[in-house]
Amino acid sequence: MADEESQLVAERRRKLGLVRSAGRTAYPYRFADVVATGTVATAARALEPGAEDLAQSFAVAGRLGAIRQHGKSAFLDLQDRDGSLQLFARVDELGEAGYQTMLDELDPGDIVGAVGRPVRTKRGEPSLRVTRIELLAKALRPPPEKWHGLQDEEARIRHRHVDLFASRESRARFRARSLLTAGLRNFLTEAGFLEVETGVLSSVASGAAARPFVTHSHYLNDELRLRVALELQLKRLLIGGLERVFELGPVFRNEDLDSTHSPEFTMMECYWAYADYTDMRGLVERLYERLAHVAAAALPDVPGAKAAPEVFRPPFDVVDYVETLERAMGRDGLLDAPVDELRRLARATGVAIADDAPAGKCFDKLFDKYVEPTLLRPTFVMDYPTATSPLAKAHRSRPGRIERFELFYRGFELGNAYSELNDPDEQRRRFLEQAGDDPDAHFALDEEFVEALEHGMPPASGLGIGVERMAMALTGTSSIKDLVLFPPTRRRR
RNA sequence: GGGCCCGUAGCUCAGCCCGGUAGAGCAGGCGGCUCUUAACCGCAAGAUCAGGGGUUCGAAUCCCCUCGGGCCCGCCA
C-alpha cells in the first residue's frame, strides 16, 4: 500500500508540522504522575451525574480513540492498560486557543496525556474534565475502524501491535496468558521447585519425537540444533542434586503451524526427585485447580474461562489407557498384538503408517483416533504401553506398560508425566529399540545422557505441559495463534 | 504435501453467479453544534479491485499462473 502517499498519512504529518512550527515537540520524554484510568473512573463514579470533584486532580495517559466534537466542547476516549476513560474538554476550561489547538493537532490513535478533575456527565459517564492535554506521541498511521477493529487474520498477526490496541479481547487474552504463566511459576516455586534456564542451542536435540531446526555456529564451526524438549537437560540437574527443578521456556519443532501446533511454543517441564507418577498426578490436579481460578479471574466475561473452576474441580476422571482403547475399538489383546497387526489397525483409521513404523507410533495413532475425541472432561489416562515412550520407567506391576499418564481435556493434551527411567542400561536399550533401523530416528541414542545416568539419578517423576495448550483450555481459545504474540509468517514480498 | 475458500479506499464490507469501466459505513478534510459515547447535520475528497498473463469491442467480474492468508486433511505432540 502506498501509505507514504496516502491522504491520511499526509494529513497527520501536516498536524505534526503544526506542533513543531509552534515550537513544541510531538514526542516529549515523559508525562508526570500518571495514574490508571480506573483510578479516575472510580473517583468519578462516586459523584452524582453532572457533578464534578473540584478537590482532586489526576493525570492520565494513553491512546486516543474516538473524538466527538460539539463545537465548543468535545469528548475524547482515552485507552490505557487498565481500560478506557472519557475525557471531557471544553473551551471555557482550555481557552479558545488551547481548545482549537487541541482539535487541530490531535487524531484518533495519538498517544496523549491529560490532566483534569473527575467528573460525571449528565448521562452518568465517569470522565475527566480536562484542564491540560498534551500530545505524547503522534500516530502517523490511522487506527483501524472503531467498531469492527482489525478483522483480517493476517493483519492481526503481522501487525500484532495494532491488533492489541484495537481489540480489547486480544489484550485480555494475552494478559490472561501472562497471568497463567505467572500462576504456573508461583505454584511450582511454592512447591519447592527451583526455576532454571538450560539453554536453547545444543548439538543434539532429543527428549521428544520431533524434527529440529538446525543452525550453524561460527565459533564451533559446526551444526547446532534448537531444543525440542527440556527433558534430558533437566534430568541431568537431578543427577547434579538440584532435586526439584522446572523450566519454562521456548522449544522449537520444525513442523507446520495449525490451530493446535506452533513451530515455536512454550514448554514447562518439572522434575521431582523421590516422587513417582502418582505423586505427580496429585500435583497436576492441584495445579490445574489453581490455574482455573486464575483464568476465571482474568477473563470473567469469557464463558470458557468463567466455567474453568467448575470443570477443573478435583478429582479428575481416571481411566486406563489399554482398557479405554480396547473398549473404543471393540477388541482386546492389543498389548500382545504383533506390530504388523498394530500397523494394519492404525492404517484402517485412514492414517499413513510407514511399513517400519514402531508399535509406539501405532498406539499413538489409534489412541488419537479412537479415544482422544471422547475425552471431554479433564481425564487422566494411565499406564501407557512401553513402546510409546523410551524415557519412562517400566510399570512396577503391569507387564508391557510404563508408569505414564497424560491429562486430556476436550480432545487435547494438557500434560504428560512419567515415573522417570533412571536405569542407564535399560535407557540405552530402550533408545536403541525406539530408533530401530531408522537412521533418521528422532530419538537418536543420546550417549552423553546415558553416561550421565551412569552417575546415578534419583528416582523421580517428571511432567511436561504445553503452556499455550494449557492457556487455550483454560481461556476457551480455539486457535493457538490467538495465544502466540508473534507466530511465524512468510516473508512479505 | 493434497482439497476447498478468501484478497475491492487507511479500516469494515457490498459489487463477481449473469462482463458495460467501482459503491457504502467508519476514519480523515471543510462548515455547523457546550453533555456526547458506533454522537448528529451539510458539503467535498479518497481505489495499482493482491500481482502478472490470457479471452473479449470491453474484465473487479470469465480462464491460467504467481504471491499472501484462512479452514479441513496429511505430517507433527
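In this predicted model, a polar side-chain atom of Asp256 sits 3.1 Å from a base nitrogen of RNA strand B. Two further residues also reach the bases. An N or O atom in the side chain of Arg68 lies 2.9 Å from a base oxygen of RNA strand B, while Gly71 uses its backbone, with a polar atom 3.2 Å from a base nitrogen. The surface near the RNA draws two or more residues from each of several elements, namely helix H1 (7-21), strands S1 (58-69), S2 (73-80) and S3 (83-90), and helices H3 (91-105), H4 (153-158) and H13 (359-370).

As for the overall layout, chain A splits into domain 1 (2-143) and domain 2 (165-316 + 377-483). The centres of the two domains, taken over C-alpha atoms, are 47 Å apart.

Then there is a helix pair to look at. Helix H6 (residues 168-190) packs against helix H8 (residues 277-298) at about 145 degrees, and their axes are 9 Å apart. The crossing of H6 past H8 is right-handed. Residues making the contact include Leu179, Leu180, Leu184 and Phe187 of H6, along with Leu283, Leu287, Leu291 and Val294 of H8. By class, the contact of H6 with H8 has 12 nonpolar residues, plus four charged and two polar ones.

Key:
Residues are numbered from 1 along each chain as its sequence is written. Chains are lettered from A and ligands numbered from 1 in the order in which they are written. This is a predicted model: local features need pLDDT of at least 70, side-chain atom pairs count only at pLDDT 80 or more; totals for chains, interfaces and linings use all residues. Side-chain values use heavy atoms; hydrogens and water are left out. Domain bounds come from an automatic or database domain assignment. A polar contact is a pair of N or O atoms within 3.5 Å; within protein, one must be able to donate a hydrogen and the other to accept it, and residues adjacent in sequence count only if both atoms are side-chain atoms. Helices (H or I, at least four residues) and strands (E, at least two) are DSSP runs, numbered from the N terminus. Axes are lines fitted to C-alpha atoms, for helices over the stretch in contact, and angles run from 0 to 180 degrees between N-to-C directions. A crossing is left-handed if the near helix is turned anticlockwise from the far one by less than a right angle, and right-handed if clockwise. Contact means heavy atoms within 4.5 Å. Ala, Val, Leu, Ile, Met, Phe, Trp, Tyr, Cys and Pro count as nonpolar, Asp, Glu, Lys and Arg as charged, and the others, Gly among them, as polar.
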